[in-house]
Amino acid sequence: MNSLVLLVLLIPAVGGSLILSDYDDIYAQSTDFQLPSLSFSTPYSDMPTNLQGSLSELGDIDEEVDSQVNEIIKPTFQNPLEKSETKDNDEGSPANQETETGIGGNDLDTPTPTPTTTSGSGGGAGDVYVVDYSNIRIQKFDTQGDFISKWGAKGKADGQFGVPHGVDVDKDGNVYVVDMDNNNVQKFDSEGNFLFKWGSMGTGDGQFNAPEGVAIDSLDNIYVTDTDNNNVQKFDSEGNFISKWGITGENEGQFKKPAGLDIDKNDNIYVVDAGNSRIQKFDTEGNFLSAWGSKGPGNGQLASPHDVAVDSDGNVYVVEQLNYRVQKFDSNGEFLSTWGSQGSNNDQFLDPHSIVVS
């Protein structure tokens with residue numbers, strides 16, 4: 001399978017343009033709009049600096065603040081995946097879903113984001129699911145970028161979202177969406193029909209505090225980075241808690257703001273330990289295997305790493321927001337190559353956010 005890398009950046013609601021850069025099967029997206037980046041001394045958060053308080057309190061704030069949130073949070077997409085069932089006409093869409101022939105859902109006047117794809121454990125001919133962050137919904141496309149359907153609206157009810165962030169697809173085409181604000185994971189079928197959800201605000205097993213990433217192994221076990229609780233939690237495909245690992249700290253197996261994660265073909269789990277400027281590698285039981293990275297601009301060093309992706313050969317790609325680049329490592333963390341710099345020209349990035357590989 002050819003290695004295809006797609007990079008997602010925070011795209012402004014106005015003034016943004018996309019630039020596609022070809023690196024012999026490696027592709028990136030950039031924007032000409034400068035967004036504020038985190039400084040080294042600023043604790044990692046995926047939210048804008050004026051929203052870095054408790055996300056769980058957002059649902060209790062009045063509509064005026066909700067409106068401000070929608071204005072501040074720009075569209076951003078985390079690991080939308082090309083790995084589900086083939087495109088079908090949906091005749092049983094939920095009320096908050098829109099198809100090509102029907103109108104419904106949460107129609108806001110923010111731009112439709114560019115879909116981003118990757119392949120993985122999920123099967124089927126491939127559809128593309130995009131987390132439409134500010135519009136508070138999921139959009140579904142075919143691999144040519146043609147719109148199929150969408151679902152989601154602001155709220156706490158089944159099929160609604162507060163701040164949708166992470167998405168992954170299992171081998172049966174079921175879609176799992178992590179909600180940072182509602183502190184849960186929701187499971188949908190490939191047409192967007194709600195199946196069930198789990199999670200609540202807290203520190204206990206199966207509870208979350210601003211979860212960000214989700215990834216699925218070959219047995220359809222679900223792994224979620226519980227960012228503000230500084231751990232990774234593991235569930236079965238029905239949402240039943242299996243285990244978790246990690247506490248706040250700098251030692252092996254400890255985290256400071258874990259963000260993106262990905263799983264290789266051998267079910268090794270790579271977690272971006274953003275606050276510690278490193279990548280940690282674990283087995284499916286959470287046993288620590290290795291780690292690499294330190295804060296800095298050099299080869300093999302990291303500055304505000306945010307997401308990770310693994311190709312079919314086991315090479316690991318890491319996107320860094322403050323070094324404005326992508327670094328490529330082998331499965332043991334040995335540095336292989338890097339590209340990118342700050343700017344708006346081809347091969348340059350402004351606030352690179354997420355990365356996927358197929």
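Are Tyr129 and Trp151 buried or exposed? Tyr129 is buried, and Trp151 is buried too. Keep in mind as you browse these close-ups that the model is predicted.

View 1. Applying the ring-pairing rule here gives a count of 18 aromatic pairs.

**View 2. Trp292 and Phe329 make a tilted pair.** Here the ring centres are 5.5 Å apart, and the planes are at 50 degrees. Again, distant parts of the chain are linked: you'll find Trp292 in strand S19 (residues 288–292) and Phe329 in strand S22 (residues 325–329), 37 residues apart. Trp292 counts as buried because its relative accessible area is 8%, and Phe329 is buried as well, at 0%.

**View 3. Six rings join up: Tyr176, Phe196, Trp198, Phe208, Phe235 and Phe241.**

**View 4. Ala210 has a positive phi.** The angle is about 60 degrees, even though Ala210 is not a glycine. Look for Ala210 in the loop between strand S11 (194–198) and strand S12 (211–216). With a relative accessible area of 4%, Ala210 is buried.

**View 5. Asp220 also shows a positive phi.** Its phi is near 65 degrees, and this residue isn't a glycine either. Asp220 lies in the loop between S12 and strand S13 (222–226). Its relative accessibility is 7%, so Asp220 counts as buried.

Definitions and conventions
Residues are numbered from 1 along each chain as its sequence is written. This is a predicted model: local features need pLDDT of at least 70, side-chain atom pairs count only at pLDDT 80 or more; totals for chains, interfaces and linings use all residues. Side-chain values use heavy atoms; hydrogens and water are left out. Rings of Phe, Tyr and Trp (its six-membered ring) pair if their centres lie within 6.5 Å; planes under 30 degrees apart count as stacked, over 60 as edge-to-face and the rest as tilted. Buried means under 20% relative accessible area, exposed over 50%, partly exposed in between (1.4 Å probe, protein chains only). Helices (H or I, at least four residues) and strands (E, at least two) are DSSP runs, numbered from the N terminus.
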